[in-house]
Every structure is written in structure tokens, then in C-alpha cells.
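Student: I have a structure open and a list of labels for it. Can we go through where the labels come from?

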Amino acid sequence: MENITLGQIAAIITFLSVFIGAITAIITFSKSFISKILVPINEKIDHLENVSSLGRNNIELELIKIILVNFINDIEQGIEKTPVQKRNAYELYDRYVFLGGNSYVHDKWEELIREKKI
């Protein structure tokens, strides 16, 4: 084996410390750079999810309103509904109110309840 001098050991230690420092700096810079890129992307994704959720709720609200209007029209025309159909209508009405529906459907629903038609 060769003789290793203190100068060579110092050079190896210096090289390793500079090498480790450079790797650490690169990793830190990469994390910072990537997070600056990902934060706006994550914000856009969150925004799209919120918009999509609102769109789904509006579509659901409109579909429920259509079903309830048909149910109310049938009741007003004297078409008998089974207990299961009535229970389903009550569940849909509760969902309609939960989603923010409060229009002529609400007024008609309350009127039919007062008249004991549903």
C-alpha cells in the first residue's frame, strides 16, 4: 500500500465536503424550483375541482327540479302515487332544498302538503 499523506487526506475531505455541499445545494434549489411550479398548478386543479363540483350540483338541482315538477303536476291532475313514489319524492325534495332549491317548487310542495295531497 502506498503512503497517504496528510495533504492527500485533507484534499479528499475537502473534495467530499464540497461534493456533498453541491449536492445539497442542487437538491434545495430543485425543491424550491419544483414547488414554485407545482403551487400554481395545484391551485388551478383545486379551482377546477370547485367549479366542477358547483356544476355538478347545479345539474343535479335542475334534474331534481324537473322530476319534482312532473311529480307535482301528476298530483295536481289527480294521478295517484304509490307510497314508495311519495317517499322518493320526499327524499328528492329534501335533496333539492339542501342544494339550495327554493322556488315555485317549494311553494307548490308546501301547498300540496297543506291540502294533504302528498
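Tutor: Start with one residue. Lys65 touches Tyr96, Tyr104 and Val105, leaving aside residues up to four places away in sequence. Lys65 itself sits in helix α1. Keep in mind that this is a predicted model.

Student: What makes those touches contacts?

Tutor: The cut-off is a distance. Heavy atoms within 4.5 Å count as a contact. Lys65 meets that rule with Tyr96, Tyr104 and Val105.

Student: Why does Lys65 count as buried?

Tutor: Compare its value with the limit. Buried means under 20% relative accessible area. Lys65 has 19%, so it counts as buried.

Student: And Lys116, buried or exposed?

Tutor: Exposed means over 50%. Lys116 has a relative accessible area of 73%, so it is exposed.

Student: What else is there to say about Lys116?

Tutor: Look at its backbone. Phi is near 60°, a positive value in a residue other than glycine. Lys116 lies in the segment after α3.

Student: How many helices and strands does the chain have?

Tutor: Three helices and zero strands. From the N terminus on, the order is α-α-α.

Student: What share of the chain is buried?

Tutor: Of the 118 residues, 15% count as buried. The accessible surface comes to about 9400 Å², and 64% of that belongs to carbon and sulfur atoms.

Student: Which residues touch the most other members of the largest nonpolar core?

Tutor: That core has 15 residues, and the answer is Ile64, Leu68, Phe71, Tyr96, Trp109 and Ile118. The elements giving two or more residues to it are α1 (6-76), α2 (83-98) and α3 (104-114). The largest share, six residues, comes from α1.

Student: What does Leu68 touch?

Tutor: Ala89, Leu92, Tyr93, Tyr96, Val105 and Trp109, with residues up to four places away in sequence not counted.

Student: Which residues are buried in α3?

Tutor: Val105, Trp109 and Leu112. Seen down the axis of α3, the buried residues fall within an arc of 65°, so they line one face of the helix.

Student: Next, the rings. How many aromatic pairs are there?

Tutor: The count comes to six. Phe29 and Phe33 are one of these pairs, with 6.1 Å centre to centre and 15° between the planes.

Student: Why is the pair of Phe29 and Phe33 called stacked?

Tutor: There are two tests. The centres must lie within 6.5 Å, and planes under 30 degrees apart count as stacked. At 6.1 Å and 15°, Phe29 and Phe33 pass both, so the pair is stacked. Both residues lie in helix α1, four residues apart, about one turn of the helix.

Student: What makes the pair of Phe71 and Trp109 tilted?

Tutor: Again, use the numbers. The centres are 6.1 Å apart, with 35° between the planes. Stacked needs under 30 degrees, edge-to-face needs over 60, and the rest are tilted.

Student: Why are Phe71 and Trp109 called buried?

Tutor: Phe71 has 8% and Trp109 has 1%; the limit is under 20%, so both are buried. Ring pairs also link Phe71, Tyr90, Tyr93, Tyr96 and Trp109 into a cluster.

Definitions and conventions
Residues numbered from 1 in each chain as written. Predicted model: local features only at pLDDT ≥ 70, side-chain atom pairs only at ≥ 80, totals over all residues. Heavy atoms only, no water. Core = buried A, V, L, I, M, F, W, Y, C linked by side-chain atoms within 4.5 Å. Buried < 20%, exposed > 50% of the residue type's maximum accessible area, 1.4 Å probe, protein only. Arc of directions from axis to C-beta. Areas by Shrake-Rupley, 256 points an atom, 1.4 Å probe, with all protein chains shown as cover.
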